[in-house]
Amino acid sequence: MTALDTMKAKDGVDQETVDAVQSVEKYKYGFSTDIEMDFAPKGVNEDIVRLISSKNEEPEWMTEWRLQAFRRWQQMDEPDWAMVHYPEIDFQDIYYYAKPKSMLVKPKSLDEVDPKLLATYEKLGIPLKEQMILAGIEGAGDTPAEGRKVAVDAVFDSVSIGTTFKDELAKAGVIFCSISEAIREHPELVKKYLGSVVPQSDNYYATLNSAVFSDGSFVYIPEGTKCPMELSTYFRINAENTGQFERTLIIADKGSYVSYLEGCTAPKRDTNQLHAAVVELVIMEDAEIKYSTVQNWFPGDENGKGGIYNFVTKRADCRGDRAKVMWTQVETGSAVTWKYPSCILRGDDSSGEFYSIAIANNYQQADTGTKMVHLGKNTKSRIVSKGISAGRAQNTYRGLVSMHPKAKNSRNYTQCDSLLIGDKCGAHTVPYIEVRNNSSRVEHEATTSKVDDEQLFYCRQRGIDEEAALALIVNGFAKEVLQSLPMEFAMEAQALVAISLEGSVG
Amino acid sequence: MAVSKAKSAAPDARLAAIISPVGGKWASEARKSALTRLHDMGLPTRRDEYWKFTRPDELTKADATPATLLETDEKPVFCDIDRLRLVFVDGVFDPDISDQMAMEHVEIEPLANAAEKDIHWARDIYGVLENSGQSPVNRPLAALNTATATQGMVIRVTGKAPRPICLHYVRTSETADAVVHHIVKVEAGGDVTLLENGPAAARINKVLEVDIADGGAFHHVRTQGRDHERRAAAHIFARLGTESSFKSFSLTVNGALTRNECVIEILGDNAHATIAGAAVGDGKTHPFHQDDTVFITHDAVNCESRQVFKKVLRNGATGVFQGKILVKPGAQKTDGYQISQGLMLDDDSQFLAKPELEIYADDVACSHGSTVGAIDADALFYLMSRGIPRAQATDLLVLSFLAAALEEIENEEIRKDIFGRLEAWIERHRN
């Protein structure tokens, strides 16, 4: 099947690990849905930007906002600093807007949605009918988790096809809808927060996104509210030669809490497709957002043909004191990943966490990591990143930890481990550390087997041999990362738990 | 990968003004090709990723900013060590106050002499290692050096040198802008220690190219001069053969700007390279900015490299570390170690680091660590509770922090000398 079959793992990398990587490699979501689509003409220009805006029935200020971004984008250069290589993208050879024909008249409820679309999501393991409780991604078993509900916003190519549990969420005061709907229904919120975390002209892809984003999810959790269920967006690219540019904006007002999941898949196609999303999180005083992603875009075939270019800007702004944010990502897909979910720790005592497992096989290239910008006093951040490369893949951790002069008594701990399976792949680490006060502590580690001596001693003392003890500790550690994922996603990630870090390199 | 881009007009004017001196055939050719190289890549600017933490302006502008001479009664470092001393005054070799250039197993010749000859073995090293070190990251200041240098030493080592060779830089002028280029060829089985000390000039651009053949050993210890206002860009380019050894240690105390670049290519199996550095900076009376930029390429089997860098910073001092280990495909059994640590004695200083790994082989052990923080309060309390006054306790902890880098110096006598310098500096700079 894949190059992994013939690959010989070096001694010390256990078979379980190789099998786990291999199983991840079998892309289960490669089917495509045959459905009539309404495309905007190929390419991007001011007319296309206006067209997208008018298709979404946007007010004038929004159109203007997009055009501003588009004008900036035209003056920008594509970034080339990441350790990824791909043929030049022809930005005029992409469809920027693709909408299923059946969605031309917006369905009033999910019951009116084209069954074909619903079936697509069903097949992906995302039932969009409210009476059904999300049983988890494939392999979750027959018994759904008791009483657990997950509200889903499903985005198909350029449009959101529906959002579940809206009424129940509304009762709690939570707004969960597509961003196009939010622009129409809650302009005051969108106006206030859109682009406030990731400015219009933040970077090349974010600027392009600001100009042409077609849909995405919007969440507002009011003051003191714990969101009654987990929220989820499921992105599906279906149409050929289509770029997906979605925009997610989540606002957690004072003292609120929400856990948000994001999943994404695409059919197997020979050509590369572009996905350039922007995710903005605003976290007020004492609020908390948990944002989890299982990124499972089509990675291309074993010869490196096709696959998604995933160029994503994700950023969380901890505006209030004691605000908390946690990014968890399991990256197994995409031909090329360029993604750095970041935390701006502005409020005093705010905290940011980043847990990442990135698996790259065949010709995949992943350049991913995080930025922790400490601005407030006593802010804390923690980065745990594990990269696994196999085949001819290149996996890079790139991160920034910045302690500003006013971020007194702040802490950061970074750990990144890499594992290479085979001698044709690469693992790279590019951390930036900038410390501008002395009451803060920053520690960056990337060592082969960073196992706590005390834990090891404890196990050895109880008669467990060294190797078994190591495996126990390492596995326990990996599980700790995966456990920060909500249950449904943990299922998807379960295959990765077996991965041990033996034979890994910094 | 860094790709050179066309630079703006202002540095272009500066570039156009650079003329390479005429010498013998090989030297003229080497300088000409370096000048072409320099024109292709342009001078570094603030926007270059590789100059993200250090502003290159003072190093690239046409004339050096004058630097006041430091008056000190401290004896020069290494003065008690039995060494062959070669003196450079304001970047120009002065044979009259230098020792005889003769020692068993060693041939020494000023670059100016070697460059006059039509044929010289230096041709295979001069600018060659520098050129090789221009990829994947450009080092335009080194190309500028190769293109324009007329001063320096050309040293060939054929066996074990009986005593260290010391390049002693003396400053007499407030405006001297020096360009110095040394090359050292260690033949198979050769073994030499090179010492460097002194402030050299108001601004110095220095390149040291070291070619170590199979089984050769090269030791290098340098201190960069205590003058507060001096600026320096120093480069080391080394090429390591089978079972060879390269060890370099740098001590930086004071200096408005110090950029130390070290580019090591390990090409032979079972070779070893160590690059270590200790820097202490106090920005109270004069700015202090110190930058260690290291790039080690492993392109052979079973080699080891160590990078150990420690920086103590206070009163707005800046310490920078950019270190990279590149393990090429097939460089199995590589053992790469890298540690960079900043100790900040107050809230105004900054430590900026980029410890990078790029690995293309699966049977390697590479680790890097980087920490920044203040003096450990528990350790301080422990010492004070045993009756040691705070100031003295702080000094002890600072010295013990730096000790790990000093331990990389093999020669005990030299290590003690360096240690003494640090102790004296710390005493002078108590808050």
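**Group meeting talk: a walk through a two-chain model**

Let's start inside chain A, where R66(A), A69(A), F70(A), R72(A) and W73(A) in α3(A) meet T207(A), L208(A), S210(A) and A211(A) in α8(A). When I say residues meet, touch or are in contact, I mean that their C-beta atoms, placed from the backbone, lie within 7 Å. By class, the residues of this contact split into five nonpolar, two polar and two charged. Here Ala, Val, Leu, Ile, Met, Phe, Trp, Tyr, Cys and Pro count as nonpolar, Asp, Glu, Lys and Arg as charged, and the others, Gly among them, as polar.

Before going on, some housekeeping. This is a predicted model, in which local features need pLDDT of at least 70 and side-chain atom pairs count only at pLDDT 80 or more, while totals for chains, interfaces and linings use all residues. Residues are numbered from 1 along each chain as its sequence is written, and chains are lettered from A and ligands numbered from 1 in the order in which they are written.

Back to our two helices. α3(A) covers residues 60-74 and α8(A) covers residues 204-212; their axes come within 7 Å and cross at roughly 145°. The axes are lines fitted to C-alpha atoms, for helices over the stretch in contact, and the angles run from 0 to 180 degrees between N-to-C directions. The crossing is left-handed, meaning the near helix is turned anticlockwise from the far one by less than a right angle.

Zooming out, chain A has 11 helices and 24 strands. Helices (H or I, at least four residues) and strands (E, at least two) are DSSP runs, numbered from the N terminus. How much of chain A is buried? Of its 506 residues, 57% are. Buried means 20 or more other C-beta atoms within 10 Å of a residue's own, exposed means 12 or fewer, and partly exposed is in between, with C-beta atoms placed from the backbone. Also, among contacts in chain A with a separation of 6 or more, 83% are between residues 24 or more positions apart.

Take I221(A) as an example, sitting in strand β6 (residues 217-221) of chain A. I221(A) has 30 other C-beta atoms within 10 Å, so it is buried. Leaving out residues up to four places away in sequence, I221(A) touches V174(A), C227(A), I251(A), A252(A), D253(A), S256(A) and V258(A). I221(A) and V258(A) are 37 residues apart in sequence, yet 7.4 Å apart in space, C-alpha to C-alpha.

Now a helix with two sides. In α4 (residues 115-123) of chain A, the buried residues are L117(A), T120(A) and Y121(A). Looking down the axis of α4(A), these buried residues fall within an arc of 90°, so they line one face; the arc is that of the directions from the helix axis to the C-beta atoms. On the face turned away from that buried side, α4(A) carries the exposed residues P115(A) and A119(A).

Next, where do the chains meet? 30 residues of chain A are in contact with 33 residues of chain B. β23(A) gives the most to the chain A side, with 10 residues. By class, that side has 12 nonpolar, 11 polar and seven charged residues. β23(A) also pairs with strand β19 (residues 350-359) of chain B, antiparallel, over six bridges; two strands pair if DSSP finds at least two bridges between them. In that pairing, I433(A) stands opposite A353(B).

Over in chain B, have a look at β11(B), where 10 of its 10 residues are buried. R231(B), A233(B), H235(B), F237(B) and R239(B) point one way, and A232(B), A234(B), I236(B), A238(B) and L240(B) the other. Which strands pair with β11(B)? One is β9 (residues 203-212) of chain B, parallel, with 10 bridges, and here E209(B) stands opposite F237(B). Another is β13 (residues 257-266) of chain B, also parallel and over 10 bridges, where R231(B) stands opposite L257(B).

Most residues other than glycine have a negative phi, and most peptide bonds are trans. E243(B), not a glycine, has a positive phi of about 50° and is found in the loop between β11 (231-240) and β12 (245-253) of chain B. In chain A, N409(A) has a positive phi of about 50° too, in the loop between β21 (394-403) and β22 (411-421). Finally, a cis peptide bond joins S135(B) and P136(B), with omega about 5°, and P136(B) lies in the loop between α5 (128-132) and α6 (140-148) of chain B.

Terms used
Contact = placed C-beta atoms within 7 Å.
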